Amino acid sequence: MTHALFAKGPAIIAALHLPQPEEGRSLSWLEDYAIANSRVFAAAGMPWVKVQDQTRTDRPAASHTIATMAAFGPRHALAPQAEAHRARIGRTDIAILADVHDRTSVPLSGETQPVAAGWADKAGADGLVITGNSLDDTLARTEAVRAAGVRLLILVGGGVTTENFGTALDATQGVVVGSALMRGGADDLVRWDADACAGFMDVARAYPGMTERDFVDYRDGTPDVRWPGGAGLAVSIVVNIEEGAELSLGDGDESNESIYEAVERVDGLCDLCMESHFEYGPRAAWPRIRAALRSRRLAATLNACGRALERSPWIASEPFPDGQEVAAHRWRWERHVHMSEAQERSAIARTVAAISRTAGTQPMGRHTRSAISERTRDLLIEQGGFLYDSNAYTDDVPYVVETGAGPHVVLPYAFDTNDMRFFNRGGFVSGADFWSYCIDAFDRLHHEAAQASRMLSVGLHPRMIGRPARIGGLEAFLDHALSRGDVWFATRAQIATHWRAAVGLPAWEPRAIPPGFGA
């Protein structure tokens, strides 16, 4: 049985060992060591774990290795054994990895095999990390542990090289590479070789299953999920509230937004023209969109930037007859892909705070503008308050990914059934272009929904669809969709909640925000 950590294929990680400091010695040297090596890993694109060796003389196994995590690829995290430590780093256990090394007093052969399995169970572990002096030695230990019934097998070092890497992966579910990538250093601390790391990753990426990308997913069949009332198609109307969050020198930002009906950059001075284009959204366009939805008693998800709601708080507080959801877009209308971790944490925290103030409730979902960073989803999970995210465009139905806090629902978004195509030569000119395209998408998914559930996301922006010549396109699409049966209009939080229950996951509960998150 493949562990959830490896649901998308085998994994390769680098282990950065932090030995216990000598009594009275400053920790600064360990911090410098960790920072220097983590930069090597980052440059090579290699996920890595921080491993703390904890010697316990009161346990049968004298050498414990607890993976406390800095990262396990962009989406996975392991957490430590100790409750206090888990609380400190704000993660939830998936697995505890106990080191079975030459130094351990628990041999892995003959009559002691059950002892190894019992040890893993006692530690609350899903599996064991296995090491050896050579690849053959390590693989022999692997077979002994497998025979003891341990599910998760991770091989550490043990003579793994670029030449025998495939053999090691075939025998286990993951490899922590060791001596092949190291060079000696002062204080008996290992320094990692940047060229060797990069070369190893080149080999790893070529190995089948090493990529985190998923081109398969529901190829063997979409889960047998029907929406409430037996509907086959869920329709999600998403209104993106961005006006007032666009970059503007007048707001103290580093530059001006440059994309509207035309692309025009103004550098060094306030762009009053661009500011007025965005101001049209809350002033003239939002009332039209709200009326179109309210008159048809349709709930919507407001995907809101925090700074935008602080400028126009009434958008979040005006109720819809059938309810609305206020989800998080970001703080400013900008991408996260180039942000530092501290900047991204701050943006998430400020957005949640602004929505909580204006809407009276914390957001349960998030969609970040375009390109996210590799840590975005991990940070949303760590924050604890997000039922789902929509930072993907991969499917026409929701799906579940494994995270450090357990299963997490992803609701794919869409850029084609989206009024953004009125801008920047996107292909839409009139309102008829919008409704014609969206109706074609609706009709196709409605047809497919007779066999398997489907979801249609329709993206709106007040300053775009809310223009007099375009709003009729939204109204025409809504009327067409409402005229058909077997359809469920819902917020994205409602869709994610239903999907979790339908695929057998426990009800989602928010967790407390870790102290200092985003500070």
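Residues are numbered from 1 along each chain as its sequence is written. In this predicted model, local features need pLDDT of at least 70 and side-chain atom pairs count only at pLDDT 80 or more, while totals for chains, interfaces and linings use all residues, and side-chain values use heavy atoms, with hydrogens and water left out.

View 1. Helices (H or I, at least four residues) and strands (E, at least two) are DSSP runs, numbered from the N terminus. Buried residues make up 52% of the 519 residues, where buried means under 20% relative accessible area, exposed over 50% and partly exposed in between (1.4 Å probe, protein chains only). The accessible surface (Shrake-Rupley method, 1.4 Å probe; for residues, only the protein chains shown count as cover) comes to about 22700 Å², of which 51% belongs to carbon and sulfur atoms.

**View 2. Helix α12, residues 431–448.** The 18 residues of α12 reach 26 Å from the first C-alpha to the last, close to the 26 Å expected at 1.5 Å a residue, the expected span being 1.5 Å times one less than the number of residues. G431, F434, C438, I439, A441, F442, L445 and H446 are the buried residues of α12. They cover an arc of only 165 degrees around the axis, which puts them on the same side of α12; the arc is that of the directions from the helix axis to the C-beta atoms. The face turned away from this buried side carries the exposed residues D440, R444 and H447. The buried residues pack against β10 (233–241), β17 (454–460), α13 (462–465), α14 (471–482) and β18 (487–489), with contact meaning heavy atoms within 4.5 Å.

**View 3. Helix α15, residues 492–502, and the residue G504 that follows.** In α15, the residues R492, A493, I495, A496, W499 and R500 are buried. They cover an arc of only 160 degrees around the axis, which puts them on the same side of α15. G504, which follows α15, has a positive phi, near 85 degrees.

**View 4. T222, in the loop between α6 (194–206) and β10.** T222 is partly exposed, with a relative accessible area of 24%. Not counting residues up to four places away in sequence, T222 touches V397, A452, S453, R454 and W499. The C-alpha atoms of T222 and Y399 are separated by 9.5 Å, although these residues lie 177 residues apart along the chain.

**View 5. Y393, in the loop between β14 (388–389) and β15 (399–403).** Y393 is partly exposed, with a relative accessible area of 37%.
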